[in-house]
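Subject: The structure we talked about

Hi,

Here is the structure I promised to pass on. Have a look at it first, and then read on for what turned up.

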Amino acid sequence: MDDQAAALFAAQGTGALPDHPALNGGRCKACGYIFFPMQHYGCERCGSEELEPWLIGGRGRLVASAEVHVSMNPRRPAPYVVGSIATDDGAVVRSILEVPADADLAPGTVMTSRLVEETRPDKGPFDLRFAPETGRP
Amino acid sequence: MARLISDLVPVYVVGIGFHPYQYASDTSYVALGLRAIREALADARIDWEAVESSYVANALLGMAVGRPMLRHLGALGSPIIHIENASASGSAAFRHACIEVASGISDVALAVGVDKPPKSGIFRSPTGIPNLAEDAIAPFTHFALLTDEYSRKHRIAPEDIALVAVKNHANGAKNPNAQRQKERTLEEVLGGKAISGNLTALQCTPVGEGAAAVIVVSEAGIKRLGLDPGRAVRVASSAAGSQKADNDLNPDTALTIETMARAIGEAQLGPGDLDVIELHDAFTIEELFYAEATGICPPGRFVPMLKEGAWNIGGQCAISPSGGLIAMGHPIGPTGIGQIGEIVRQLRGEAGARQQPAAKAGLAHMVGVGAVCYVHVLTR
Ligand SMILES: [Zn+2]
């Protein structure tokens, strides 16, 4: 099991968004910069080493998406769909999307996180992905 | 107060040379590089003995490849430095060769880029920071996402963005040093192999092998060596930068806007003065972003003006007249130096079938993974 990959997300959500797994981001205590994923090397904005874990809620809006036809990585067989998501908490993440391959996803679509079965061998039981939040405009 | 390259000793490009960019072959990098350097020396009409310092750009060949190549020109003991800066390796080598001459430390310097694709993937040492789906998002998918974002934001059909490839393949067809020398119709571009999102294979650069070399000289060097000042092209500005902290999905463009503005300003020109532009068009969408970043047209206007012919050879500004990374190719280390070679050819009026009429100012731009960015402006 790859501890680093497992550390990317929490099975539970945030207080504000309990039903969707949260992302394990970080926050700089000196300048307030929010980033993902958490790291301890230093703040990209100000260089401070005073960094704290900061849960990023698993909800945001789609910025862009693309269906990938050619895989460069045998562990990620094509086709699959990826998206860029601007989270409500101010982070920007890119993830594989749980959608049909030909889904026409408009920018601004509300997306939420969910755990799916991990298919890569050394990454633990679950992978985090985003999908359109159903039942919302 | 920091100084600009234009504040120092004036620097000129006096020689350019290439080994044609091509698909991976059994030819050694030594043969590729030597052909480009010998062509540049011959073009400059100087002997190897006159070169005081050598900057060797590569990203994929491994450690210390310079002297095993340069020794075959005569091992005379002059300094050699290797420069690796991802796709911008050649641009970085050119900048530092110019800085050495501009500082007065040398009168004559060589910048040479040479590379061959690795047999088993590109190695990048791990940072220890994981990511969610980095292993599912190759560069072509990063740019497929940006294509989706741009086309929806500016209401430009992705099929029209593919017209960049049609233009650049047409230019590459006129360039004997290009890896792809075949004109392509829009139907051929769109009907080719689907890669990611709306990107097809002919909208993506073919990374191959090759070499490019330029000789940079001071005014004193031109006089001392008795060179023809009429074929010397002035390096009017050099600007470089790296990505700032932000949650930006398109860091290359943010960095390019800033670096372009500094380079064009340092050259005391406006964007409308540029006759020729070579930029980092590894994927069609990149040409839109970086051309708009120069200020030659407002954001979202690149494609409508492309359809009017504004960016063709003979148009308002020839963009990627060499064929760009999409058709001329992108062997990594040579690419940024090859752009300088194309602009020198254009400003000398020696570009033949690719000649932009009355070209007096040209701009070369590269970004590299990281991100880093280099912009040079050359003038007659
Ligand atoms: Zn900070």
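A quick definition before the tour: a salt bridge here is a side-chain nitrogen of Lys or Arg within 4 Å of a carboxyl oxygen of Asp or Glu. Please keep in mind that this is a predicted model. With that rule, a search of the whole structure turns up 25 salt bridges over all chains.

Let's start where the two chains meet. On the chain B side, 29 residues are in contact with 39 residues of chain A. The area buried between chain B and chain A comes to about 2900 Å², and carbon and sulfur atoms give 61% of that. Within chain B, the residues that lose the most area to chain A are B:Leu132, B:Asp135 and B:Asn247, which together make up 24% of what that side buries.

What about polar links across the interface? Between chain B and chain A there are 14 residue pairs in polar contact, counting pairs with both residues at pLDDT 80 or more. Two elements of chain B give two or more residues to the side that touches chain A: H4 and strand S5 (194–196). The largest share of that side, eight residues, comes from H4(B). Sorted by class, the side of chain B that touches chain A has 14 nonpolar, eight polar and seven charged residues.

The rule also finds three salt bridges across the interface of chain B and chain A. One pairing to look up is B:Asp135 with A:Arg120, whose side chains meet in a salt bridge at 2.7 Å, N to O. A:Arg120 has a partner in chain A as well: the side chains of A:Asp127 and A:Arg120 meet in a salt bridge at 3.8 Å, N to O. Both A:Asp127 and A:Arg120 are buried. These residues belong to a network of salt bridges that links A:Arg76, A:Glu98, A:Glu118, A:Arg120, A:Asp127, A:Arg129 and B:Asp135.

Since H4(B) came up above, here is a bit more on that helix. Helix H4 of chain B covers residues 139–154, so to speak 16 residues, and reaches 22 Å from its first C-alpha to its last, close to the 22 Å expected at 1.5 Å a residue. Its buried residues include B:Phe140, B:Phe143, B:Leu145, B:Leu146 and B:Tyr150, and also B:His142 and B:Asp148. Just after H4(B), B:Arg155 takes a positive phi of about 55°.

In one, B:Arg224 pairs with B:Glu52, the closest N and O atoms being 3.7 Å apart. B:Arg224 lies in helix H8 (residues 219–225) and B:Glu52 in the loop between helix H1 (29–44) and strand S2 (53–57), so the pair ties together parts of chain B that are 172 residues apart in sequence. B:Arg224 counts as exposed because its relative accessibility is 54%, while B:Glu52, at 29%, counts as partly exposed.

In the other, B:Glu350 pairs with B:Arg231, with the closest N and O atoms 3.0 Å apart. This pair also links distant parts of the chain, 119 residues apart: B:Glu350 is in the loop between helix H13 (335–348) and strand S11 (361–368), and B:Arg231 is in the loop between H8 and strand S8 (233–242). Buried or exposed, where does B:Arg231 fall? At 15% relative accessibility, B:Arg231 counts as buried, whereas B:Glu350 is partly exposed at 37%.

Cheers

How values were computed:
Residues are numbered from 1 along each chain as its sequence is written. Chains are lettered from A and ligands numbered from 1 in the order in which they are written. This is a predicted model: local features need pLDDT of at least 70, side-chain atom pairs count only at pLDDT 80 or more; totals for chains, interfaces and linings use all residues. Side-chain values use heavy atoms; hydrogens and water are left out. Helices (H or I, at least four residues) and strands (E, at least two) are DSSP runs, numbered from the N terminus. The expected span of a helix is 1.5 Å times one less than its number of residues. Buried means under 20% relative accessible area, exposed over 50%, partly exposed in between (1.4 Å probe, protein chains only). Contact means heavy atoms within 4.5 Å. Buried area is the accessible area (1.4 Å probe) that two parts lose on being put together, summed over both. A polar contact is a pair of N or O atoms within 3.5 Å; within protein, one must be able to donate a hydrogen and the other to accept it, and residues adjacent in sequence count only if both atoms are side-chain atoms. Ala, Val, Leu, Ile, Met, Phe, Trp, Tyr, Cys and Pro count as nonpolar, Asp, Glu, Lys and Arg as charged, and the others, Gly among them, as polar.
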